[in-house]
Amino acid sequence: MGAWAIAVHGGAGVDPNLPKERQEEAKRLLTRCLDIGISALRSNLSAIDVVELVVRELETDPLFNSGRGSALTENGKVEMEASIMDGPKRRCGAVSGLTTVKNPVSLARLVMEKSPHSYLAFSGAEEFAKKQGVEMVDNEYFITEDNVGMLKLAKEANSILFDYRIPAVGTCGASAAMDSPLQMNGLPISVYAPETVGCVVVDKQGRCAAATSTGGLMNKMSGRIGDSPLIGSGTYASELCGVSCTGEGEAIIRSTLAREVSAVMEYKRLKLHEAVDYVIKNKLDEGKAGLIAVSKDGEVACGFNTTGMFRGCATEDGFMEVGVW
Amino acid sequence: MGWAIAVHGGAGDIPLSLPPEKRLPREAALRRCLDVGIAALKAHNHPLDVVELVVRELENNPHFNAGKGSVLTTSGTVEMEACIMDGKTMKCGAVSGVSTVVNAISLARLVMDKTPHIYLAFDGAEAFAREQGLETVEMSHFITPENIERLKQAQEADRVQLDYTQPIQKEVPKDAALADGDSQIGTVGCVAVDSEGNLATATSTGGIVNKMVGRIGDTPIIGAGTYANHLCAVSATGRGEAIIRGTIARDVAAVMEFKGLSLKEAAAYAMDRVPRGNAGLIAVSSTGEVAMLFNTTGMFRACATEDGYSEFSIWDSPTE
């Protein structure tokens with residue numbers, strides 16, 4: 001019998017000037033989610049159940065960019081996406097373009113288990129949700145005042161904002177975005193995926209699972225899909241490990257980041273920590289991203305090349321850590 | 001080293017008894033598309049332009065499951081998806097849920113070139129197409145009588161149909177494959193490399209017959225159905241759900257990089273990860289090699305290299 005391990009994240013790319021109380025708020029949420037996961041693991045829930053449970057908690061809390069509290073599209077609405085993957089048989093499920101489903105990660109799980117497909121999106125996904133009887137709410141439920149303010153700033157700056165959690169006072173958010181103009185796909189747009197959430201778990205039976213959920217980029221084009229619902233990019237789990245990524249979606253997709261960790265473990269025979277370091281160091285080029293990962297042997301690791309990543313991790317032997325920088 | 005190009009028109013259980021009236025138009029189309037690609041490479045067009053051009057041709061041909069001739073969703077509608085990737089820059093573009101754009105692959109290219117994003121879908125993709133002035137038509141343009149018939153059969157059988165497949169008794173609906181002697185169309189794709197080692201891949205599809213509205217397959221998922229880097233360019237076809245889980249296209253490149261395998265060895269290695277009857281792929285390497293593999297009964301495919309090699313096949317032995 002192996003040992004369990006769990007990690008959660010609330011996004012890579014944190015404003016260095018983020019007010020202390022926001023940092024504390026984030027750490028409290030991460031701690032709470034870890035506790036939920038740990039408690040579930042101690043009750044012998046399987047890895048796939050635990051990742052879903054924890055990500056549901058993150059979606060329900062308005063703090064990070066998923067479920068309630070999601071970033072807004074250019075039209076001021078919320079379009080959410082999520083994916084989940086079960087290591088043992090590499091079963092997976094993903095959803096995009098959700099506007100009324102309260103917990104996207106749970107719908108992703110239902111796609112995996114109750115549909116003949118792996119990925120459903122937009123009206124088709126919403127139809128499926130209705131048929132499955134999942135909890136549905138008005139789009140307004142997901143929209144927070146903070147985000148409405150951030151969208152306005154983003155439009156003023158005419159860029160995609162990286163950290164929408166900077167208090168919407170005056171133009172400090174917009175000028176922060178403009179002071180450090182970043183390039184993405186060769187175009188002058190500031191791009192960090194603000195606070196996507198995720199969870200990876202290995203249970204006592206050595207089964208790995210991963211799940212990721214997000215509202216995507218602030219001010220994104222309607223219909224834009226990022227890395228979070230893409231198996232191999234934002235989320236991946238195999239017999240060896242479970243991985244969830246966050247950061248510049250386009251960079252994560254190009255580098256198939258989540259799959260990469262597993263691939264170097266498999267093909268270069270690297271251990272988890274080495275694999276995570278290798279991938280972050282060598283596979284992101286100009287891209288900015290972070291990830292959390294667990295291995296079937298009960299290890300947990302995280303890596304990021306951004307300024308900070310909201311994260312927490314814990315292992316069965318009592319280790320527990322929550323961090324921002 | 002030199003240029004190389006490969007094209008596919010889908011993998012599946014193409015019956016050996018495929019009647020000539022089904023086989024010949026597809027053969028002719030593939031040959032013509034290959035020639036279009038070869039001419040473009042000889043004229044020193046960038047592989048990205050070459051693969052887009054070739055896939056546009058395949059989309060316009062009603063005998064393949066892409067663009068005109070796309071299979072239908074359970075509602076009788078068309079939802080097309082496509083993906084394109086440049087090996088050197090690793091820029092990519094993808095679209096899903098496209099119903100009125102004549103050439104989905106060109107829309108994917110515009111997403112890559114004209115937006116800060118990689119992937120646009122459904123209404124957002126359609127709106128973007130109009131903004132960009134792409135050719136759009138009524139959805140009926142894409143729907144063919146054969147596909148209306150296929151959908152009817154699939155719905156009568158109440159199963160999700162993978163083109164080309166024979167009936168296999170399986171418990172899990174996801175793995176269930178349907179027989180249909182008439183069902184012989186599949187995803188299309190093209191991979192190309194020029195004599196400077198520039199690589200590109202493009203894949204386009206209507207998906208699977210009777211799919212749920214909103215279902216996305218492997219084609220637009222970077223690393224699953226489509227992938228290119230500095231080592232190789234790959235386009236896969238088959239049961240989307242298996243290709244996604246196996247990250248097939250990415251794996252070919254990964255084992256070349258991490259295990260030092262040759263293109264052909266890498267393609268075989270990646271295909272091993274997919275259960276029999278589920279997939280096929282075409283690939284070219286930066287040094288001008290070509291690989292075309294499948295674990296289904298057949299795969300419509302063709303390839304050519306600068307040193308004069310060319311192949312056209314459906315099943316294991318070349319048809320000439």
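In chain A, 67% of the 325 residues count as buried. The structure is a predicted model. Nine helices and 15 strands make up the secondary structure found in chain A. When contacts between residues at least 6 apart in sequence are considered, 67% of them join residues at least 24 apart. The accessible surface of the chain amounts to about 10,800 Å², and carbon and sulfur atoms account for 49% of that area.

Helix α1 of chain A runs over residues 20–42, a total of 23 residues. From the first C-alpha to the last, the helix reaches 33 Å, close to the 33 Å expected at 1.5 Å a residue. Buried positions in α1(A) include A:Ala26, A:Leu29, A:Leu30, A:Cys33, A:Leu34, A:Gly37 and A:Ile38. An α-helix has 3.6 residues a turn, so residues three or four places apart point the same way. After α1(A) comes A:Asn44, which has a positive phi, near 65°.

A:Thr196 carries the annotation "active site" in an unreviewed UniProt entry. This residue is located in the loop between β6 (187–188) and β7 of chain A. A:Thr196 has a relative accessible area of 2% and is therefore buried, the cut-off being under 20%. Leaving aside residues up to four places away in sequence, A:Thr196 touches A:His9, A:Gly10, A:Gly11, A:Asn65, A:Thr212, A:Ser213, A:Thr214, A:Ser228, A:Cys245 and A:Thr246.

Key
Residues numbered from 1 in each chain as written. Chains lettered and ligands numbered in written order. Predicted model: local features only at pLDDT ≥ 70, side-chain atom pairs only at ≥ 80, totals over all residues. Heavy atoms only, no water. Helix = DSSP H or I, 4+ residues; strand = E, 2+ residues; numbered from the N terminus. Expected span 1.5 Å × (residues − 1). Buried < 20%, exposed > 50% of the residue type's maximum accessible area, 1.4 Å probe, protein only. UniProt positions renumbered as here; feature names shortened; annotations may be inferred. Contact = heavy atoms within 4.5 Å. Areas by Shrake-Rupley, 256 points an atom, 1.4 Å probe, with all protein chains shown as cover.
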